[in-house]
Amino acid sequence: MGFAEKALKDAAFFPLWLDRDDAPGVEPQLIGHTSADLLIIGGGFTGLWAAIQAKEANPNRDVMLIEAAKVAYGASGRPAGVVSTSVMHGLHNAVRLFPNDLAELERLGQENMRGFLDTLERYDIDAQFDRGGELTVAVGDECVPDVKAEYEIHKKYGHVVEYLDKDQLQDHIKSPIYSAGCWNKELSGTVQPAMLAWGLKRAALSLGVRLHEFTPMEKIERENGVIKVTTHDGSVKTKKILLGTNAFAAGDPRIKQRVAGVRERIMATEPLTEEQWDRLGWVHRQGIYDTRTQLNHMRRTKDNRMTFGGRLGYYYDGNNNTDPAGERRIDPFIRLAEAYHRTFPQMDDVKFTHAWTGPIALTTRMAVHFQEYMDGDMIYAGGYSGYGISTSRFGARVGLAKLDGEDLPELRMDFARTMPNRIPPEPFRWIGSQITLYALDTADEKGGWRKPWVKMVEAMGFPLS
């Protein structure tokens, strides 16, 4: 039995973040017919942030939030937990998309992160925020220029950032494949995603938000100028709807023309001993990303586990299921565990206790966008392909302003007025995804046709490497 099979042998296929005895109780499902000034569909981060900000702006506004299952048990209880000042999936992606707005996007991102932390303080939310910052590491000497460029652009826009050469990097994280690093030190770090979502839920309820779990939306239609949302056991009449459905893309079938739900895999180790942490040399608790074609990310948890994630997957016409059966077994995680062992060969005694996947919303923008329906009375705010925990607060704020017709300067910026490109429908989407994901999995090892294929997909608008 190889390292991967042995390390995963006893893993539970369930998110570490949700495996807690102190999970809050469930709010009752909506039964019967009601109305609201604002209806938010989706109880993940976007929906929760929207509910809180809507009530803070106008305490008299009747705000209702409905969630198809339980708060935090969809995508929001499954990410790695890195939070950042970036609102456009990293500075390089912002340069690619909106170079003329970069300075303002950076200002908005830092403002958003300060608001994020202020909310945690004001509502006494223990999300286990760790101020370790973010560390981007180069895999191999050929990726060192990429990390140097990362350092230069962060320095240019005022970040407290440090470039680490190969020897310096070994004092932060010990891996034979890492050649350089860029450490962004302030206003970023890691959180426990489920505890954050549960804290936001508590805050929303304290503000008077009417929240119903196990209330799936089944139909949306206009009746006599009013929007009616039919749920499994009732209905809501409302003037405005914010769709916080992200990768699930629920609310209108046209959303999926621009959004694909892709799955990301994550594993968590057992709590590591001091001797094991010494072997890793990881002392500053950063959230770490590497530069592999199929990138990996990792972080430390409060109870001294290590999570290691990456390796995307896609399911034909059913990829948005929260917990597909195909991911509740060892096989999909073997390559990820092998990548862990290549990265940290000194950790050959590690066992993984949890392995899970979560849906992310893949678009050609790789960042939040807004889709308008019902003559602008229904807005989809989503498309987070990374950094979504913190960016969702920003997306919710802008989405609400757009929904309410506010004269917000951000609404005149290109990111708020444009949308990502359309992506092919099924079955072409599935065929293309299988070729692309195989190329990503094997490009660094085998090369050949794979890297040109990835470059072609990038030319279509997906920045994959």
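Reader: Which residue lies over the face of Trp-183?
Author: Lys-185 does, at 4.6 Å from the ring centre. Bear in mind that this is a predicted model.

Reader: And what lies over the face of Tyr-73?
Author: Lys-70, with 4.0 Å to the ring centre.

Reader: Is Glu-134 buried or exposed?
Author: Glu-134 is buried, yet has no salt bridge.

Reader: Where is the nearest opposite charge to Glu-134?
Author: On Arg-131, whose side chain is 12 Å away.

Reader: What polar contact does the Glu-134 side chain have, then?
Author: The side chain of Ser-84 is joined to that of Glu-134 by a polar contact of 3.3 Å.

Reader: Which residue does Asp-130 pair with?
Author: Asp-130 forms a salt bridge with Arg-285, and the closest N and O atoms are 2.6 Å apart. The pair links distant parts of the chain, 155 residues apart. Asp-130 is in the loop between H4 and E4, while Arg-285 is in the loop between helix H8 (274-280) and strand E13 (287-290).

Reader: What about Arg-107 and Glu-104?
Author: The side chains of Arg-107 and Glu-104 meet in a salt bridge, 2.7 Å from N to O. Both sit in helix H4 (residues 102-122), and because they are three residues apart there, about one helical turn separates them.

Reader: How accessible is Arg-107, and how accessible is Glu-104?
Author: Arg-107 has a relative accessible area of 41% and is partly exposed. Glu-104 is partly exposed as well, at 30%.

Reader: Which network do Glu-104 and Arg-107 belong to?
Author: Salt bridges with shared partners join Glu-104 and Arg-107 with Glu-111, Arg-397 and Glu-410 in one network.

Reader: And Arg-20, what is the distance to Asp-22?
Author: 2.8 Å, N to O, in a salt bridge between the side chains of Arg-20 and Asp-22. Arg-20 is partly exposed at 31% relative accessibility, and Asp-22 is partly exposed at 46%.

Reader: Now rings. How many aromatic pairs are found?
Author: A search of the whole structure finds 13.

Reader: Why is the pair of Tyr-151 and Tyr-163 classed as tilted?
Author: Their planes are at 55°, so the pair is tilted; the ring centres are 6.0 Å apart. Tyr-151 is in helix H5 (residues 144-156) and Tyr-163 in strand E5 (residues 161-164), 12 residues apart.

Reader: Is Tyr-151 buried or exposed?
Author: Tyr-151 is buried, at 17% relative accessible area. Tyr-163 counts as partly exposed, at 22%.

Reader: How are Phe-308 and Tyr-340 arranged?
Author: Phe-308 and Tyr-340 are edge-to-face, with 90° between the planes and 5.2 Å centre to centre. Phe-308 lies in strand E15 (residues 306-313) and Tyr-340 in helix H9 (residues 334-343), so the pair ties together parts 32 residues apart in sequence. Phe-308 is buried at 0% relative accessible area, and Tyr-340 is buried, also at 0%.

Reader: Which cluster includes Phe-308 and Tyr-340?
Author: Ring pairs link Phe-308 and Tyr-340 with Phe-3, Tyr-178, Phe-344 and Phe-352.

Conventions: Residues are numbered from 1 along each chain as its sequence is written. This is a predicted model: local features need pLDDT of at least 70, side-chain atom pairs count only at pLDDT 80 or more; totals for chains, interfaces and linings use all residues. Side-chain values use heavy atoms; hydrogens and water are left out. Rings of Phe, Tyr and Trp (its six-membered ring) pair if their centres lie within 6.5 Å; planes under 30 degrees apart count as stacked, over 60 as edge-to-face and the rest as tilted. Helices (H or I, at least four residues) and strands (E, at least two) are DSSP runs, numbered from the N terminus. Buried means under 20% relative accessible area, exposed over 50%, partly exposed in between (1.4 Å probe, protein chains only). A charge sits over a ring if NZ of Lys or CZ of Arg is within 6 Å of the ring centre and within 35 degrees of the ring normal. Lys and Arg count as positive and Asp and Glu as negative; His and the chain ends are not counted. A salt bridge is a side-chain nitrogen of Lys or Arg within 4 Å of a carboxyl oxygen of Asp or Glu. A polar contact is a pair of N or O atoms within 3.5 Å; within protein, one must be able to donate a hydrogen and the other to accept it, and residues adjacent in sequence count only if both atoms are side-chain atoms.
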